[in-house]
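The following exercises are to be worked with the sequence and the structure at hand. Each task is followed by a solution in steps.

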Amino acid sequence: MMIPIRCFSCGKPVAQFWDDYKAGLKKGKKPKDLLDSFGLERFCCRQTVMTNADLIEHVAKFKV
Ligand SMILES: [Zn+2]
């Protein structure tokens, strides 16, 4: 869906890294290097950014 604003486990704000993370992956950078450059050291924050699937564009097509 959309990137969570904060890490689910520890509450650190992570949403501000999402656009840079996507852009970095498109350029062919490694996820590890990107997450290190953002200063995300805890594995809970790293998994929140790494495992997010951007599905809002697909879900928004359907009404409830
Ligand atoms: Zn965390």
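## Exercise 1: Arg 46

At a relative accessibility of 17%, Arg 46 counts as buried, because the cut-off for buried is under 20%. The model under study is predicted.

Task: Determine where Arg 46 is placed and which residues it touches, not counting residues up to four places away in sequence.

Solution. Step 1: Arg 46 belongs to helix H3, which covers residues 43-50. Step 2: The residues touched by Arg 46, with those up to four places away in sequence left out, are Lys 32, Leu 35, Asp 36, Leu 40 and Glu 41.

## Exercise 2: The zinc ion

Task: Identify the protein donors of the zinc ion, and state the geometry of the site.

Solution. Step 1: The donors are the SG atoms of Cys 7, Cys 10, Cys 44 and Cys 45, lying 2.3 Å from the zinc ion. Step 2: The angles among the four donor atoms run from 95 to 118°, and the site is tetrahedral. Step 3: Along the chain, the donors follow the spacing C-x2-C-x33-C-C. Step 4: Cys 7, in the segment before helix H1, and Cys 45, in helix H3, are 38 residues apart and link distant parts of the chain. Step 5: Cys 7 is buried at 3% relative accessibility, and Cys 45 is buried at 1%.

## Exercise 3: Helix H1

Technical notes: Residues are numbered from 1 along each chain as its sequence is written. This is a predicted model: local features need pLDDT of at least 70, side-chain atom pairs count only at pLDDT 80 or more; totals for chains, interfaces and linings use all residues. Side-chain values use heavy atoms; hydrogens and water are left out. Helices (H or I, at least four residues) and strands (E, at least two) are DSSP runs, numbered from the N terminus. Buried means under 20% relative accessible area, exposed over 50%, partly exposed in between (1.4 Å probe, protein chains only). Contact means heavy atoms within 4.5 Å. Donors are N, O and S atoms within 2.8 Å of the metal (3.2 Å for Na, K and Ca); water is not among the atoms, so sites may look incomplete. Four donors count as tetrahedral if all angles lie between 85 and 135 degrees; four count as square planar and six as octahedral if opposite donors are over 155 degrees apart and all others between 65 and 115; anything else is irregular.
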